[in-house]
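Student: I would like to go through this model with you, one region at a time. Could we begin with a single residue and its surroundings?

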Amino acid sequence: MTIRNVCDLKGVGLKRGQQLGRLGIETTEDLILYFPRKYQDRRTVTPLDRLETGNKALVKARVLAVDKSGLYGKWGKKRLKLTVTDDTGLLEIVFFNGQYIAKNIHADEEYYFYGEISTFGSSLQMVHPEFTKEDIIGILPIYPLTAGLSQAFMRNIVKEALAVSLPLDDYMPKEVIRESGLVSLDEAVKNIHFPEDEKDIEKATKRLIYDEMYILQLGLSMMKSRSGGTGVMMTANADPYIESLEFPFTGAQKRVWKEISEDMDSARHMNRLLQGDVGSGKTVIAETAMFKAVKSGYQAVLMAPTEILAAQHHQGIEKKFRKFGINTVLLGGRLSAAERADTLENIRTGEARCIIGTHAVLQPSVEYENVGLVITDEQHRFGVDQRVQLFAKGNNPDILTMTATPIPRTLAVVYFGDMDVSELDEMPPGRQKILTKAVTEKSRSQVYRFVEEEIAKGRQIYVVCPLIEGSDEIPVRSAQEVYDELSGRLPAVGLLHGAMNGEEKSEVMSAFAANEIKVLVSTVVIEVGINVPNATVMVVENAERFGLAQLHQLRGRVGRGREQSYCLLILGSTGEIAVERARTMVESTDGFYIAERDLALRGPGEIFGNRQHGLPDLRLADISKNIDLVKPIQKQIASGYVNEELLRRVKKLFGENGELKL
């Protein structure tokens with residue numbers, strides 16, 4: 001295929017080219033790969049005496065009368081009304097402020113009209129239909145457009161682009177086409193735009209979805225092979241640390257630790273994701289990996305997304321590692337100049353073997369002696385650039401990435417295609433189920449009474465709101481509003497939100513951890529990394545404003561102590577999706593199940609956001625719906641079904657650097 005500038009096509013020109021550019025269309029290749037979003041079935045012309053109100057229809061009729069005299073609206077705009085017939089009946093065609101159309105429609109001539117049928121008085125009407133004198137019987141593509149472009153224009157230039165582009169060089173290996181029962185690329189591209197029937201659309205869609213999934217998986221497999229290679233071998237025995245723990249590993253922890261330990265023992269570079277619910281025991285697995293790395297003669301780094309979480313990790317790990325003679329340091333923003341200088345020197349010389357911190361561990365001033373293991377907690381809080389910086393601090397160190405935000409199993413194989421995935425899908429014994437209840441605004445007084453009862457027992461409460469301050473545009477209860485209300489009713493109420501600086505947040509959280517604050521009103525800043533075992537109630541205001549995965553994370557802030565804990569969801573809306581989410585939260589505490597339900601209710605785009613989740617934009621494929629293609633495609637890629645044109649398309653999909661934009 002010869003790729004041309006789209007401006008070279010007949011009828012495009014500079015202005016149209018700029019409009020097409022807003023759609024990402026610059027070449028003829030871009031144009032023929034700009035697929036319709038839906039189709040209009042115009043294969044049947046409906047006689048006027050068989051039209052039904054509310055249905056869309058294609059009619060072929062002769063213009064009996066053209067009425068330009070009608071006025072409507074406050075400013076007296078003119079209305080164009082046509083009376084048309086096909087000898088079976090009459091139909092009114094109406095264009096509001098449509099005088100410009102009158103130049104293109106003439107009495108006693110026949111036209112095709114397509115639109116929705118409505119009634120006005122006793123007359124059938126079609127308001128602002130598409131119309132043409134040309135034969136438009138068939139299945140017509142409907143494209144996403146931008147200002148200044150019409151469907152007719154798009155159809156015409158797509159036909160032009162196909163005429164100068166076909167035949168195409170079919171980049172898919174013949175073995176893949178044969179094994180997967182795919183049509184040729186020529187047939188797929190032609191029929192995705194101008195099909196004769198539903199079977200054409202089905203076959204074309206199957207081929208083009210397969211292409212997208214194949215190119216995506218090829219890119220991910222290339223990333224995985226790049227991130228592999230030779231790593232460091234860390235073969236020390238971690239059993240002494242495991243035996244020192246207060247509780248034995250669960251079955252899931254044993255399985256996951258075996259996977260991680262084997263990675264660390266080998267010379268192959270480890271790039272593994274560890275995902276598991278809040279309380280499933282990820283941190284102790286990370287500690288064990290750090291112990292193994294340090295005892296193998298390497299430094300281990302743990303990077304947390306917040307100062308609070310980094311401090312919590314340091315407090316727990318330093319105490320446990322001290323008895324094994326392991327020097328653990330915290331590198332954060334609250335160190336004095338002298339403390340920071342001393343810590344940096346200890347890291348540089350290797351006296352500090354275990355380093356815990358926020359993004360401060362990435363700074364150029366931080367020099368490591370020999371990093372063998374890098375662990376990032378809550379991976380979605382970090383970008384690829386940050387992880388690359390930390391990776392560069394060592395000599396191809398092993399990477400362990402943790403998240404308590406379970407990714408749906410149907411997406412994990414794609415979303416983390418460049419990583420091995422381990423799941424902690426079992427909770428330690430004795431952990432109580434958090435009781436969850438969804439209520440409406442009418443039950444607010446009952447919620448407050450229950451909160452007062454828990455406070456009287458010595459417990460603490462979280463109240464989470466979707467906004468810091470009130471908004472006229474968004475009718476929800478803000479953190480400031482709820483704080484003001486509760487301060488007059490409950491003892492020791494505190495306020496925490498993202499607009500506070502790090503020191504202010506730490507002071508509030510320290511007071512809450514010390515039980516000086518009984519009720520913490522907050523935004524979702526407490527979603528990750530807060531551990532207060534005495535907190536037993538999580539109240540979520542306007543719960544319909546949060547996704548299921550986020551609600552599950554918020555619920556995970558309680559239930560960390562010995563006492564029964566509760567999650568109360570206050571719904572400001574009782575819409576279908578809101579009620580379904582609430583029902584899921586009430587019925588299940590399984591983070592993986594909840595992630596699957598979140599996917600079903602919102603789809604991958606909403607869960608991650610195209611730019612957040614790191615996957616390139618796909619035109620037709622839906623990862624959640626086409627997940628069944630992944631394994632056969634991976635098998636075909638492993639068989640070597642790759643060529644230069646496929647690699648070019650991988651580069652185009654993933655960008656010049658070939659990296660996912662996480």
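Tutor: Contact here means heavy atoms within 4.5 Å. The model is predicted: local features need pLDDT of at least 70 and side-chain atom pairs count only at pLDDT 80 or more, while totals for chains, interfaces and linings use all residues. Residues are numbered from 1 along each chain as its sequence is written, and side-chain values use heavy atoms, with hydrogens and water left out.

Student: Fine. Which residues does valine 329 touch, beyond those up to four places away in sequence?

Tutor: Valine 329 touches His314, Thr343, Ile347, Ala352, Cys354, Ile355 and Ile356.

Student: And where does valine 329 sit?

Tutor: Valine 329 belongs to strand S11. Helices (H or I, at least four residues) and strands (E, at least two) are DSSP runs numbered from the N terminus.

Student: Is valine 329 buried or exposed?

Tutor: Valine 329 has a relative accessibility of 10%, so it counts as buried. Buried means under 20% relative accessible area, exposed means over 50%, and partly exposed lies in between (1.4 Å probe, protein chains only).

Student: How far is its C-alpha atom from that of isoleucine 355?

Tutor: The C-alpha atoms of valine 329 and isoleucine 355 are separated by 5.2 Å, although the two residues are 26 residues apart along the chain.

Student: In what sense do S11 and strand S12 pair?

Tutor: Strand S11 (residues 328-331) and strand S12 (residues 354-357) pair in the parallel sense, over four bridges. Two strands pair if DSSP finds at least two bridges between them. Leucine 330 has isoleucine 356 in S12 as its bridge partner.

Student: Let us change topic. What is the strand order in the open sheet of six strands?

Tutor: The order is S16-S21-S20-S17-S19-S18, and the pairing is parallel. Strands S16 (435-440) and S18 (493-496) stand at the edges with a single partner strand each, so one side of each has no neighbour in the sheet. On average, neighbouring strands of this sheet are turned by 20° against each other, direction ignored.

Student: What packs on that sheet at S18?

Tutor: Helix H16 (residues 502-513) does, touching S18 together with strand S17 (460-464), S19 and strand S20 (535-540). The direction of H16 makes about 145° with that of S18. Axes are lines fitted to C-alpha atoms, for helices over the stretch in contact, and angles run from 0 to 180 degrees between N-to-C directions.

Student: Which helix touches S16?

Tutor: Helix H18 (residues 576-587) packs on the sheet there, touching S16 and strand S21 (566-571). Its direction makes about 155° with that of S16.

Student: How many bridges join S18 to S19?

Tutor: S18 and strand S19 (residues 519-522) pair over four bridges, in the parallel sense. Valine 493 stands opposite valine 519 in S19.

Student: How many residues of S21 are buried?

Tutor: S21 is mostly covered, with five of its six residues buried. S21 pairs with S16 in the parallel sense over six bridges, and with S20, also in the parallel sense, over four bridges. Tyrosine 566 of S21 is the bridge partner of leucine 435 and stands opposite valine 537.

Student: Now the helices. At what angle do H9 and H10 cross?

Tutor: The axes of helix H9 (residues 282-295) and helix H10 (residues 307-322) cross at roughly 50° and come within 12 Å. Thr283, Glu287, Met290 and Phe291 in H9 meet His313, Ile317, Lys320 and Phe321 in H10.

Student: On to the backbone. Which residues does the cis peptide bond join?

Tutor: The cis bond joins leucine 166 and proline 167, with omega about 0°. Proline 167 lies in the loop between helix H3 (151-165) and helix H4 (174-180).

Student: What is the phi of aspartate 108?

Tutor: Aspartate 108 has a positive phi of about 70°, although it is not a glycine. Most residues other than glycine have a negative phi. Aspartate 108 is in the loop between strand S4 (90-96) and strand S5 (110-120), and it is exposed, with a relative accessible area of 58%.

Student: And what is the phi of histidine 128?

Tutor: Histidine 128, not a glycine either, has a positive phi of about 50°. Histidine 128 lies in the loop between strand S6 (123-127) and strand S7 (130-132), and at 41% relative accessibility it counts as partly exposed.
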